[in-house]
Amino acid sequence: MATVLAVETSCDETAVAIVKNREVCSNVVASQIAVHQQYGGVVPEVASRAHLEQVNRAIAIAMQEAHLTPADLDGIAATCAPGLVGALLVGLTSAKTLAMLHHKPFIGVHHLEGHIYASYLSDPNLQPPFLCLLVSGGHTSLIFVKDCGKYETLGQTRDDAAGEAFDKVARLLNLGYPGGPIIDKRAKQGNPTAFALPEGKISLPKGGYHPYDSSFSGLKTAVLRLVQKLEGSGVTLPVDDIAASFQDTVARALTKRAIACARDYGLHTLVVGGGVAANSRLRQHLQDAAIGHNLRVIFPPLKYCTDNAAMIACAAADHLNRGHTTPLTLGAASRMSLTEVMQLYR
Ligand code: KG4
Ligand code: ZN
């Protein structure tokens with residue numbers, strides 16, 4: 001039963017949480033969204049500075065809310081990759097310093113492994129093997145989860161990530177940043193069949209299409225052309241209908257690939273993770289499709305879909321329970337494959 005404090009600063013949320021195995025004792029998220037909104041996206045240097053300003057306070061609040069002292073912790077963790085290096089370094093250095101000060105084991109965590117572990121906070125009895133549809137601002141993959149630290153990528157996007165497509169389309173529609181939540185909201189008032197948009201398919205050399213890989217850059221360009229055409233014809237832009245049609249196209253494309261992959265690999269549990277796992281249309285499509293395929297679909301609670309430290313602490317606790325710890329010499333990395341996760345541990 002490991003109790004772990006984790007710090008997550010890979011992008012634009014300064015997050016600290018304490019988790020006892022799969023039970024959240026405290027979860028603090030200091031969002032920087034308001035800071036970055038004026039630029040229309042995350043500015044790395046601004047993110048690093050904001051993390052520096054927030055991180056100590058977030059750690060103190062997380063300890064207070066959990067009613068724990070450092071002596072109660074079994075380990076201290078931080079996200080070390082992938083992400084913005086300057087931003088990662090703030091959380092990583094804070095966690096390593098705490099670990100050194102309090103003589104606790106340190107656990108470096110891969111951000112995407114954290115997103116996979118968010119579903120353990122929904123269902124503490126969840127056990128591998130299962131398939132994970134990981135859909136965030138930077139990644140879109142289908143991952144075969146074999147065990148803690150053992151992952152195989154079965155499908156991925158060939159260009160934009162799903163969340164990135166939401167953010168870019170929101171910008172085209174002048175809806176602001178981040179795009180996912182606002183498109184989700186506007187789409188509720190729109191008609192998802194108003195505009196036929198192309199689902200990006202990846203052609204195979206011998207004919208047919210890749211069953212699990214996806215592409216979202218063509219869809220984004222199709223929305224751009226549609227907006228240009230409608231604006232050229234002088235009509236008021238039907239923002240709600242465009243948002244609904246775009247969102248439905250993404251949700252159908254992801255659902256089709258996830259269901260085919262689970263079926264082909266004989267997996268009966270599908271876990272969804274990452275910011276786009278919060279999308280209401282994706283949740284609905286996946287749940288509807290799962291009924292006919294003997295598939296159990298698990299979504300993290302909404303607050304653990306987007307970046308948070310509870311999911312990082314949950315992954316760290318599982319590693320610590322298995323005796324996995326990380327040397328304090330660990331640095332931050334902007335890129336790292338999920339298949340390399342075990343290199344973080346001795
Ligand atoms: O996992 P996350 O917080 O950060 C990364 O690791 O990238 O994901 C952020 C992404 C953003 O692109 C955001 O627009 C998207 O998740 N997102 C959503 C929703 N909420 C957040 N996309 C679609 N529907 C949502 N409700
Ligand atoms: Zn994330």
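Domain bounds, as used in these legends, come from an automatic or database domain assignment, and the structure shown is a predicted model.

**View 1. Ligand 1 and the two domains that contribute to its shell.** Domain 1 (3-118 + 307-344) and domain 2 (128-299) each give at least three residues to the shell around ligand 1. The space that ligand 1 takes up is the largest pocket. Of the 20 residues around the ligand, those that come nearest are G137, D167, G180, D184 and D307.

**View 2. Helices that supply the shell around ligand 1.** At least two shell residues come from each of helix 4 (111-117), helix 5 (162-172) and helix 6 (179-187). Helix 6 provides the largest share, with four residues of the shell around ligand 1.

**View 3. Polar atoms close to oxygen atoms of ligand 1.** A polar backbone atom of G137 is 2.8 Å from an oxygen atom of the ligand, and G137 is also among the residues that come nearest to ligand 1. In the case of G163, a backbone N or O atom lies 3.1 Å from an oxygen atom of ligand 1, whereas for H111 a polar side-chain atom is found 3.1 Å from an oxygen atom of the ligand. On its own, ligand 1 has 560 Å² of accessible area, of which the protein covers 88%.

**View 4. Two cis peptide bonds in loops.** Most peptide bonds are trans. The bond that joins P128 and P129, however, is cis, with omega at about 5°, and P129 belongs to the loop between helix 4 and strand 6 (130-135). A cis peptide bond also leads from Y177 to P178, where omega is near -5°; P178 is placed in the loop between helix 5 and helix 6, two helices that each supply at least two residues of the shell around ligand 1.

**View 5. A positive phi at N21.** Most residues other than glycine have a negative phi. N21, which is not a glycine, has a positive phi near 55°, and this residue is situated in the loop that lies between strand 2 (13-20) and strand 3 (23-31).

Notes. Residues are numbered from 1 along each chain as its sequence is written. Chains are lettered from A and ligands numbered from 1 in the order in which they are written. This is a predicted model: local features need pLDDT of at least 70, side-chain atom pairs count only at pLDDT 80 or more; totals for chains, interfaces and linings use all residues. Side-chain values use heavy atoms; hydrogens and water are left out. A residue is near a molecule or strand if one of its heavy atoms lies within 4 Å of it. A polar contact is a pair of N or O atoms within 3.5 Å; within protein, one must be able to donate a hydrogen and the other to accept it, and residues adjacent in sequence count only if both atoms are side-chain atoms. Accessible areas come from the Shrake-Rupley method with a 1.4 Å probe; for residues, only the protein chains shown count as cover. On a 1 Å grid over the protein atoms alone, a cavity is a set of points where a 1.4 Å probe fits but cannot get out, and a pocket is an open set with protein on both sides within 12 Å along at least five of seven lines; lining residues have an atom within 4 Å of a point. A molecule sits in a cavity or pocket if more than half of its atoms lie within 2 Å of its grid points.
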